[in-house]
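Okay, thanks for coming, everyone.

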Amino acid sequence: MTIYDFPRGPYPTRVRIALAEKNLQAQVQFKMVDLYKGEHKKPEFIANKNYSGTLPVLELSDGTCIAECTAITEYLDGLDGEPKLTGRTPREKGIIHMMSKRAELELLDAISVFFHHGTPGLGPQVELYQNPEWGFRQRDKALRGMHYFDSVLRNQPYIAGDTFSMADITVIGGLVFASIVNLQVPAECTLLLAWYARMKERPSVKSQPAFSASATG
């Protein structure tokens, strides 16, 4: 399998963590796609790898390309190996997918909009249109999302319940992005901060390029 990747990007980090949790790294080769050069928006990449022009993309040996972090994680979770990141029972699957989607909408994707519209983003050659007002509104949405996930952690150790799952990985991706744009988790979100410190000690997380000493944040 091949993964088209930008090693420290928050979305690629989600898939990298899933690979590490499943111990599948040896089955994958990574190919760098430089976001700052707009390589993910090139017509060839869009035509042959991902219509959406985003990363990461998983390419199978038969040439099939699977984009979107949730879809890639689902595929990886269907291969042999533990743990199950997307749930075992219908109830577990429903809750994990619900919380992962909330993490995307309320945190990760909101910060992405802020990055692309409220900051210089990937630079003028890539950011051809920006709406700063929309970007800052999404920044505020992300801060509300942080408070929401802090409240979730009052009653359970992980984002979707009692075990680590895809939902935790999605929130980790959101907080990676928050560090890139210097958006601090509010000090009053003590449970979220403690959870994040604990997550960064997991081998699958701490080994990622996004958490290397030279990484932003």
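Let's start at Asn-182, which sits in the loop between α6 (166–180) and α7 (190–199). Keep in mind, by the way, that what you see is a predicted model. Asn-182 isn't a glycine, yet its phi is positive, about 55°. As a reminder, most residues other than glycine have a negative phi, and most peptide bonds are trans. Is Asn-182 buried or exposed? It's exposed, with a relative accessible area of 58%.

There's another one like that. Asn-23, also not a glycine, has a positive phi near 60°. You'll find Asn-23 in the loop between α1 (10–22) and β2 (29–32). Asn-23 is exposed too, at 62% relative accessible area.

And while we're on the backbone, have a look at the peptide bond from Leu-55 to Pro-56: that one is cis, omega near 0°. Pro-56 belongs to the loop between α2 (43–48) and β3 (57–59).

Now, helix packing. Two packed helices are described by the angle between their axes and the distance between the axes. For α1 and α6, the axes come within 8 Å and cross at roughly 145°. The crossing of α1 past α6 is right-handed. So who's touching whom? On the α1 side we have Pro-10, Tyr-11, Arg-14, Ile-17 and Ala-18, while α6 brings Ile-169, Thr-170, Ile-172, Gly-173, Val-176, Phe-177 and Ile-180. Sort the residues of that contact by type and you get 9 nonpolar, 2 polar and 1 charged.

Ile-172 turns up again in the core. The largest nonpolar core has 62 residues, and the members touching the most others are Ile-111, Met-146, Val-171, Ile-172, Leu-175, Leu-192 and Trp-195. Let me zoom in on Leu-175. Which residues does Leu-175 contact, leaving aside its neighbours within four places in sequence? They are Leu-107, Met-146, Val-185, Leu-192, Trp-195 and Tyr-196.

Last stop, the cysteines. How many disulfides does the structure hold? The count is 0. Cys-69 counts as buried, at 6% relative accessibility. Cys-189 is buried as well, with a relative accessible area of 0%.

That's it from me, happy to go back to any of these.

How values were computed. Residues are numbered from 1 along each chain as its sequence is written. This is a predicted model: local features need pLDDT of at least 70, side-chain atom pairs count only at pLDDT 80 or more; totals for chains, interfaces and linings use all residues. Side-chain values use heavy atoms; hydrogens and water are left out. A nonpolar core is a set of buried Ala, Val, Leu, Ile, Met, Phe, Trp, Tyr and Cys residues joined through side-chain atoms within 4.5 Å. Buried means under 20% relative accessible area, exposed over 50%, partly exposed in between (1.4 Å probe, protein chains only). Contact means heavy atoms within 4.5 Å. Helices (H or I, at least four residues) and strands (E, at least two) are DSSP runs, numbered from the N terminus. Axes are lines fitted to C-alpha atoms, for helices over the stretch in contact, and angles run from 0 to 180 degrees between N-to-C directions. A crossing is left-handed if the near helix is turned anticlockwise from the far one by less than a right angle, and right-handed if clockwise. Ala, Val, Leu, Ile, Met, Phe, Trp, Tyr, Cys and Pro count as nonpolar, Asp, Glu, Lys and Arg as charged, and the others, Gly among them, as polar. A disulfide is a pair of cysteine sulfur atoms within 2.5 Å.
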